[in-house]
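This report concerns one protein model and the packing of its helices. The sequence and structure are shown first.

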Amino acid sequence: MKRYMLTLISLGISLVKAQTNCDLYKDKPHQAACQYYTDAIQYPQGSKNAKQLFIYSLRACPTFGPTLHEMSVPYLKRGDCYTWKILMDRAVQDNPVAYLSDRGWCYFKFLKDYKNCYADLYRLYKLTKGVQGYSGDGD
C-alpha cells in the first residue's frame, strides 16, 4: 500500500476531494457561494478556516445547499443536534432529493429518531420513484 501511495504521489496525482464545477450555476450568487464552498472543503471539517469560508458562502447565497449540509456535520458530531437540525432543514429545503437521505440516516444512526427517519425516507422514496440511492454508511 505504501508503495502504491508513493507511486501516485510521484505521478503528481493528488488525493484531495473532488472539485465542484461552479460554472454549472447560472447566477453569480450561486457561483460565488460554490467557490467559497470549494475552498472551504479543502480545510479540516469544523476548522476555523472552513467555518469562515462557509459563512462567506452563505453571505453570497443564503440557500446554498452544499454549504448548509457541510456546516451542519460538525455540529452533529459535537452533539449540538439543535444547530445541526436548523442547518440540515435548510439544506433539505434547498434540495430535498440530495439531502433527505442524509438527514434520515442521521436521525436513525445518531438520534435514534425512527419516526422522523421513516418520514424522510418515505418522502425521498416518493420523490425519486423508488430509486433513492444509498445511505451515509452505504446501505
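## Basis of the model

The model is predicted; local features need pLDDT of at least 70, side-chain atom pairs count only at pLDDT 80 or more, and totals for chains, interfaces and linings use all residues. Residues are numbered from 1 along each chain as its sequence is written, and side-chain values use heavy atoms, with hydrogens and water left out.

## Nonpolar core

The largest nonpolar core comprises 28 residues, and F54, F64, W84 and M88 have the most contacts inside it. Such a core is a set of buried Ala, Val, Leu, Ile, Met, Phe, Trp, Tyr and Cys residues joined through side-chain atoms within 4.5 Å. Buried means under 20% relative accessible area, with a 1.4 Å probe and protein chains only.

## Tyrosine 107

Y107 lies in helix α6; helices are DSSP runs (H or I, at least four residues) numbered from the N terminus. Y107 counts as buried because its relative accessibility is 3%.

Beyond four places in sequence, the contacts of Y107 (heavy atoms within 4.5 Å) include W84, K85 and D120. Y107 and D120 are 13 residues apart in sequence, with their C-alpha atoms 9.1 Å apart.

## Helices α6 and α7

The axes of α6 and α7 are 8 Å apart and form an angle of about 155 degrees; axes are lines fitted to C-alpha atoms over the stretch in contact, and angles run from 0 to 180 degrees between N-to-C directions. α6 is therefore roughly antiparallel to α7, a term for angles over 145 degrees. Among the residues making the contact are Y107 and F108 of α6 and C117 and D120 of α7.

Technical notes:
Buried means under 20% relative accessible area, exposed over 50%, partly exposed in between (1.4 Å probe, protein chains only). Helices (H or I, at least four residues) and strands (E, at least two) are DSSP runs, numbered from the N terminus. Angles under 35 degrees count as roughly parallel, over 145 as roughly antiparallel, 65 to 115 as roughly perpendicular and the rest as oblique.
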